[in-house]
Amino acid sequence: MMTSLEVRGRPALTDTIAGAVAGYRSPHTRRMYGIRIRQFVESGLPLSRDGVRRWLVGMREQGARPAVINQAIKAVKVLVGEAQAR
């Protein structure tokens, strides 16, 4: 069974996600940010302003609540920070 941080067949990406969320003390925060990052990556959209915007629009269209949208925005910011650090 995959964890919220794993991306099947992409161990380097799994490591990047784990590194991105490692600084958070709360296991719930680590898990939820990991889930949102994995969802973004699996969407196949580019990690760009337009790609993130399209992902968020899709989430809104599917009925995601504002709290979930905000969590997704923060998770992508965390991913970008980790990617820049690597």
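Student: Which residues is T16 in contact with, leaving aside its neighbours within four places in sequence?

Tutor: L79, E82 and R86. Contact means heavy atoms within 4.5 Å. This is a predicted model: local features need pLDDT of at least 70, side-chain atom pairs count only at pLDDT 80 or more, and totals for chains, interfaces and linings use all residues. Residues are numbered from 1 along each chain as its sequence is written, and side-chain values use heavy atoms, with hydrogens and water left out.

Student: Where is T16 found?

Tutor: In helix 1, residues 11-21. Helices are DSSP runs of H or I, at least four residues, numbered from the N terminus.

Student: Why does T16 count as buried?

Tutor: Buried means under 20% relative accessible area, exposed over 50%, partly exposed in between, with a 1.4 Å probe and protein chains only. T16 has 12% relative accessibility, so T16 counts as buried.

Student: How do you know that the span of helix 2 agrees with its 17 residues?

Tutor: The expected span is 1.5 Å times one less than the number of residues. For helix 2, residues 27-43, that gives 24 Å. The end C-alpha atoms are 24 Å apart, which agrees.

Student: And what of the 20 residues of helix 4?

Tutor: They should span 28 Å. The end C-alpha atoms of helix 4 are 29 Å apart, which agrees.

Student: What makes S26 a cap for helix 2?

Tutor: A side-chain oxygen of S26 lies 3.2 Å from the backbone nitrogen of H28. A polar contact is a pair of N or O atoms within 3.5 Å; within protein, one must be able to donate a hydrogen and the other to accept it, and residues adjacent in sequence count only if both atoms are side-chain atoms. S26 caps the N-terminal end. After helix 2 comes G44, with a positive phi near 80°.

Student: Why is helix 2 called roughly perpendicular to helix 4?

Tutor: Their axes come within 8 Å and cross at roughly 80°. Axes are lines fitted to C-alpha atoms, for helices over the stretch in contact, and angles run from 0 to 180 degrees between N-to-C directions. Under 35 degrees counts as roughly parallel, over 145 as roughly antiparallel, 65 to 115 as roughly perpendicular and the rest as oblique. That makes helix 2 roughly perpendicular to helix 4.

Student: How are helix 2 and helix 3 oriented to each other?

Tutor: The axes of helix 2 and helix 3, residues 49-61, cross at roughly 110°. The two helices are therefore roughly perpendicular. R36, Q39, F40 and S43 in helix 2 meet G51, V52 and W55 in helix 3.
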